[in-house]
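Dear colleague,

I am handing over the structure we spoke about, and I would be glad if you could read my notes with the model open beside you.

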Amino acid sequence: MRNLKREGWNDLVSSIRVSGSLFGGVRPPWAPGNAIPREGACFYSEANFRGQSFCVDRGVSYPRLPPGFNDRVSSVRVRGSVVMIFEDRDFDGRSMRITRDV
């Protein structure tokens, strides 16, 4: 999804869940060398997949986003996964299911 603003979600995301297989390494999304996963998702601070970013492997959930990203996600790239975004931390509040780039 190139721009979450169109969906009413710009700068509102506080927790994420990337569903799918639980296989693969799990690392903090802000770890150095965090490349775009073959299966997972990347979250960007600006529309059109620009700005600061972090990526997570498929099967990983984060009840709180990494420092500097709470309420700042503006676009999402999805690779072979289903992503749930939540307005509040700990998977609370309004949610949205994403299956394609947003």
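Below are the notes on confidence, on a disulfide and on a serine.

This is a predicted model, in which local features need a pLDDT of at least 70 and side-chain atom pairs count only at pLDDT 80 or more, while totals for chains, interfaces and linings use all residues. Residues are numbered from 1 along each chain as its sequence is written, and side-chain values use heavy atoms, with hydrogens and water left out.

The mean pLDDT (the predictor's confidence in each residue, from 0 to 100) of the protein chain is 81, and 82% of its residues reach 70 or more. Over residues 21-32, however, the pLDDT is below 50, and this stretch has 22 contacts (heavy atoms within 4.5 Å) in the model beyond near neighbours in sequence.

The structure holds one disulfide (a pair of cysteine sulfur atoms within 2.5 Å), and this bond joins Cys-42 to Cys-55 with an S to S distance of 2.0 Å. The pair links distant parts of the chain, 13 residues apart, with Cys-42 in strand β2 (residues 40-46) and Cys-55 in strand β3 (residues 50-57); strands are DSSP runs of E with at least two residues, numbered from the N terminus. Because the torsion about the S-S bond of Cys-42 and Cys-55 is about 105°, the disulfide is right-handed. Cys-42 is buried (under 20% relative accessible area, with a 1.4 Å probe and protein chains only) at 1%, and Cys-55 is buried at 5%.

Ser-74, in the loop between β4 (61-62) and β5 (75-79), is also buried, with a relative accessible area of 6%, and its side chain reaches the backbone oxygen of Ser-45 at 3.2 Å.

Best wishes

Technical notes
Helices (H or I, at least four residues) and strands (E, at least two) are DSSP runs, numbered from the N terminus. Buried means under 20% relative accessible area, exposed over 50%, partly exposed in between (1.4 Å probe, protein chains only). A polar contact is a pair of N or O atoms within 3.5 Å; within protein, one must be able to donate a hydrogen and the other to accept it, and residues adjacent in sequence count only if both atoms are side-chain atoms.
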